[in-house]
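Subject: Structure handover

Hello,

Here is the structure you asked to look at. My notes on helix packing and pockets follow it.

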Amino acid sequence: MSMELANKVALVTGGSRGIGRAASIALGQAGAKIAVNYMHDDAAAQATLSKIEEVGGGGAIYQADVADESAVQGMIKDIEQALGPIDILVTSAGIMSAQHHSKLTLENYREIMTTNVDGTFIPIMAVKDGMIARGGGSIVCIASVAGLRARPTMIPYSVSKAAVIGLTRSFAAALGPQIRVNGVAPGLIQTDMTEAMQSSAKEAMKEEAFLKRLGVPEDISQAVLFLASDRASFVSGQTFVVDGGRVTIP
Ligand code: NAP
């Protein structure tokens with residue numbers, strides 16, 4: 001087993017399911033102690049921790065709403081007492097909804113922006129000063145190709161992910177040279193989030209992709225592992241598209 005992240009502590013927001021779970025397992029397998037954050041699903045968080053342990057890693061689970069500043073600050077205090085100072089932050093917590101613009105409401109827009117944008121901003125703000133004081137750290141934000149292309153039936157989600165790409169770029173500029181901040185923009189990945197999508201829409205996306213398949217969470221976790229680790233030591237401010245080749249289509 002590669003132990004390139006031995007002695008590191010990683011907080012993965014939304015680490016209990018989907019992409020966050022795969023990232024937690026990959027970072028745990030590489031030797032980092034993982035703080036698995038979640039919001040509602042305690043059993044899923046426990047299952048992720050068991051999977052991390054199965055691959056030889058360790059950590060603990062932490063319930064907190066990423067959009068609640070005092071909850072996030074409290075969680076980080078608890079993590080640092082139990083596991084040690086945070087070296088790696090992965091922001092994967094997120095929500096998505098789709099609707100025709102005639103059905104769009106300000107409430108829906110704010111709900112998505114709060115979780116996806118505040119929920120990226122708040123954890124970064126809460127870990128950055130500690131990382132700087134200790135001389136370094138690495139942050140990986142999960143964006144989306146929806147932040148790079150028009151999404152007429154997912155306007156709040158698309159705007160929120162464009163904002164995540166903006167946060168990634170601007171925090172990278174502000175927090176260098178001590179902290180590298182990068183993003184991953186996944187294409188369609190098979191998780192609970194995309195479970196309800198029509199199979200005809202999924203089939204069309206598969207056909208558009210150069211690689212002729214949909215993504216799995218492990219496709220994204222390998223990119224997260226690369227960006228979080230010293231292998232990406234000269235990479236900062238980038239959002240790395242991992243979508244099987246769809247976004248390059250004009
Ligand atoms: P998922 O399977 O629905 O998992 C979402 C995760 O986020 C869960 O662990 C959930 O915890 C957590 N979460 C949601 N709201 C939270 C909050 N307020 N505070 C803390 N945790 C919260 O979704 P996914 O597909 O893995 O997506 C992960 C990230 O990738 C999201 O940012 C998403 O926008 C992005 N993404 C996904 C795709 C895709 O095709 N799946 C594509 C591009 C980008 P609980 O279960 O406890 O609520």
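Predicted model: local features only at pLDDT ≥ 70, side-chain atom pairs only at ≥ 80, totals over all residues.

Angles under 35 degrees count as roughly parallel.

Helix pair α1 and α2

Helix α1 covers residues 18-29, and helix α2 covers residues 42-54. Their axes come within 9 Å and cross at roughly 25°. The two helices are therefore roughly parallel to each other. Their crossing is right-handed. On the α1 side, the contact uses Arg21, Ser24, Ile25 and Gly28. They meet Ala44, Ala47, Thr48, Lys51 and Ile52 of α2. By class, that contact has four nonpolar, three polar and two charged residues.

Helix pair α3 and α4

Helix α3 spans residues 69-82. Its axis and that of α4 come within 10 Å and cross at roughly 40°. This pair is therefore oblique. The crossing of α3 and α4 is right-handed. From α3, Glu69, Val72, Gln73 and Ile76 take part in the contact. Their partners in α4 are Ile122, Pro123, Ala126 and Val127. Six nonpolar residues make up the contact of α3 with α4, along with one polar and one charged.

Largest pocket

The largest pocket holds about 1200 Å³ of space. It is lined by 50 residues. Closest to its centre are Gly94, Ile95, Met96, Tyr157 and Met193. Several elements give two or more residues to this lining: α1, β2 (33-38), α4 (106-133), α5 (155-175), α6 (192-195) and α7 (199-208). The largest share comes from α7, with four residues. By class, the lining of the largest pocket divides into 24 nonpolar, 16 polar and 10 charged residues.

Second largest pocket

Which residues lie nearest the centre of the second largest pocket? They are Lys8, Asp87, Gly137, Ser138 and Asp230. The volume of this pocket is about 220 Å³. Its lining has 16 residues. These are four nonpolar, six polar and six charged.

Where the two parts meet

Best regards

How values were computed
Residues numbered from 1 in each chain as written. Heavy atoms only, no water. Axes fitted to C-alpha atoms, helices over the stretch in contact; angles between N-to-C directions. Parallel < 35°, antiparallel > 145°, perpendicular 65-115°, else oblique. Left-handed = near helix turned anticlockwise from the far one by under 90°. Contact = heavy atoms within 4.5 Å. Nonpolar A, V, L, I, M, F, W, Y, C, P; charged D, E, K, R; others polar. 1 Å grid on protein atoms, 1.4 Å probe; cavity = no way out; pocket = protein on both sides within 12 Å on 5 of 7 lines; lining within 4 Å. Points joined across faces, edges and corners; volume = space filled by probe spheres on them.
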